[in-house]
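Thank you all for coming.

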Amino acid sequence: GTIYDRKMRELAVSVPVSSLYANPTKVTDSRSVAAGISPVLGIDAEELAGKLSHPRSFVWIQRKMAPSQTGKITALNLPGLGFVKENKRYYPKRTLAAQLLGFVGTDNRGLEGLEFMYDRYVGGNPSLVLVEKDAKGRKINASGRTLREGAKGLDIVLNIDETVQYITEKELTRQVTE
């Protein structure tokens with residue numbers, strides 16, 4: 001859900017982003033794949049090659065990437081890489097009311113402030129989908145069966161005003177500096 005000030009101006013929103021994963025069992029040349037994605041992600045190629053060499057069938061490469069990174073990696077069309085859609089919490093006013101709003105972790109669960117206090121309301125519930133796969137990990141049926149429908153989190157409207165909060169924080173900072 002979104003957190004608004006009293007005039008319905010957004011203070012915290014969730015935006016859809018992509019997270020990159022790899023199926024190392026389908027990566028044919030871990031060094032060349034690592035060399036291809038390393039400059040895009042800003043991660044050491046050796047570290048990536050290590051992740052891509054695991055015997056497991058799923059490894060996170062980078063969570064919650066910028067859309068520009070997603071586009072560049074998609075264009076490379078490398079085998080064994082895939083994307084998962086996730087939500088990233090975004091604070092459009094940056095640090096405004098940060099101590100009040102708090103923040104969320106990688107799993108989008110509130111860790112501090114209002115994000116933590118109202119997590120069960122704002123967080124929503126993910127869908128649960130059952131997908132059948134064959135022995136090689138390929139989907140047998142394209143859509144899967146939804147076991148539980150997801151729900152968007154509730155929105156919260158605060159009684160604070162963005163403008164008043166900004167002026168107050170600016171003046172407090174000035175007084176502390178003085």
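Predicted model: local features only at pLDDT ≥ 70, side-chain atom pairs only at ≥ 80, totals over all residues.

Asp5, with a relative accessibility of 0%, counts as buried, where buried means under 20% relative accessible area, exposed over 50% and partly exposed in between, using a 1.4 Å probe and protein chains only. Residues are numbered from 1 along each chain as its sequence is written, and side-chain values use heavy atoms, with hydrogens and water left out.

Which residue does Asp5 form a salt bridge with? The partner is Arg9, and the closest N and O atoms are 2.9 Å apart; by a salt bridge I mean a side-chain nitrogen of Lys or Arg within 4 Å of a carboxyl oxygen of Asp or Glu. Arg9, at 24% relative accessibility, counts as partly exposed.

Arg9 also meets Glu162 in a salt bridge, at 3.7 Å from N to O. This pair links distant parts of the chain, since Arg9 sits in the loop between strand 1 (3-4) and strand 2 (10-22), whereas Glu162 belongs to helix 7 (residues 162-177), 153 residues apart. Helices (H or I, at least four residues) and strands (E, at least two) are DSSP runs, numbered from the N terminus. Glu162 itself is buried, with a relative accessible area of 17%.

Glu162 forms a salt bridge with Lys93 as well, and here the closest N and O atoms are 3.5 Å apart. Lys93 lies in the loop between strand 4 (81-90) and helix 4 (98-101), and Glu162 is in helix 7, so this pair ties together parts that are 69 residues apart in sequence. Lys93 is partly exposed, at a relative accessible area of 32%. Through shared partners, salt bridges join Asp5, Arg6, Lys7, Arg9, Lys93, Asp161 and Glu162 into one network, and the count of salt bridges comes to 13.

Let me now step back to the chain, whose secondary structure comes to 7 helices and 9 strands. Its radius of gyration, taken over C-alpha atoms, is 21 Å, well over the 16 Å that the globule rule (2.2 Å times the number of residues to the power 0.38) gives for 178 residues, so the chain is more spread out than a compact globule. Along the principal axes, the C-alpha atoms fill a box of roughly 60 × 45 × 25 Å, and buried residues make up 33% of the 178 residues.
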